[in-house]
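Colleague: I would like a close look at one part of this model, the charged side chains. Please keep it brisk.

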Amino acid sequence: MAENKQVQNEEDIITLEFDDGVDLECEIMGIFDYDGNEYIALIPLDDSDDVYIYGYREVGEDAFEILDILDDELFGKVVAEFEAIMAESEE
């Protein structure tokens, strides 16, 4: 699980800092809404095909937090919504 998240100088790249001390730079793929809450999709810049999905909350004019989705059922629903959005964009 990611513990801290920091925004880099470029608005579309953030660094995830994991509990084990590993840092991973990610590109912000997009922010989307599901059931009245916002979520963020991140693509790691490590040449993998992974997509990370977190809760998203603005905390100031130019600041935001990303939050772990701890409920497995909710996470599954959010991922399904993300996949539906991606399928629509490919049409």
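This is a predicted model: local features need pLDDT of at least 70, side-chain atom pairs count only at pLDDT 80 or more; totals for chains, interfaces and linings use all residues.

How many salt bridges does a search of the whole structure find?

Modeller: The search of the whole structure turns up 2 salt bridges.

Start with E65 and R57. Their side chains meet in a salt bridge, with an N to O distance of 2.3 Å. The cut-off for such a pair is 4 Å, and 2.3 Å is within it. E65 has a relative accessibility of 31%. That value lies between 20% and 50%, so E65 counts as partly exposed. R57 has a relative accessible area of 43%. R57 is therefore partly exposed too.

Now take K77 and E73. Here the salt bridge has an N to O distance of 3.3 Å. Both residues belong to helix α1, which covers residues 72-90. They sit 4 residues apart, about one turn of the helix. K77 comes out at 41% relative accessibility, so it is partly exposed. E73 comes out at 57%. Exposed means over 50%, so E73 counts as exposed.

Next, the grouped charges. D33, D35, E38 and E58 form a negative surface patch. Patch members must have over 30% relative accessible area and no salt bridge. D33 lies in strand β3, which runs over residues 23-34.

Now place these parts in the chain. The chain has 1 helix and 6 strands. Along the sequence the pattern reads β-β-β-β-β-β-α. The helix of that pattern, α1, holds the K77 and E73 pair.

Some totals for the background. The chain has 91 residues, and buried ones make up 26% of them. Its accessible surface comes to about 6,200 Å². Carbon and sulfur atoms account for 43% of that surface. For contacts between residues at least 6 apart in sequence, 27% join residues at least 24 apart.

To sum up the charged part: E65 pairs with R57, K77 pairs with E73, and D33, D35, E38 and E58 make up a negative surface patch.

Key: Residues are numbered from 1 along each chain as its sequence is written. Side-chain values use heavy atoms; hydrogens and water are left out. Buried means under 20% relative accessible area, exposed over 50%, partly exposed in between (1.4 Å probe, protein chains only). Helices (H or I, at least four residues) and strands (E, at least two) are DSSP runs, numbered from the N terminus. Contact means heavy atoms within 4.5 Å. Accessible areas come from the Shrake-Rupley method with a 1.4 Å probe; for residues, only the protein chains shown count as cover. Patches are made of residues with over 30% relative accessible area and no salt bridge: like charges are joined within 9 Å, nonpolar side chains (Val, Leu, Ile, Met, Phe, Trp, Tyr) within 5 Å. Lys and Arg count as positive and Asp and Glu as negative; His and the chain ends are not counted. The place of a charge is taken as NZ of Lys, CZ of Arg, CG of Asp or CD of Glu.
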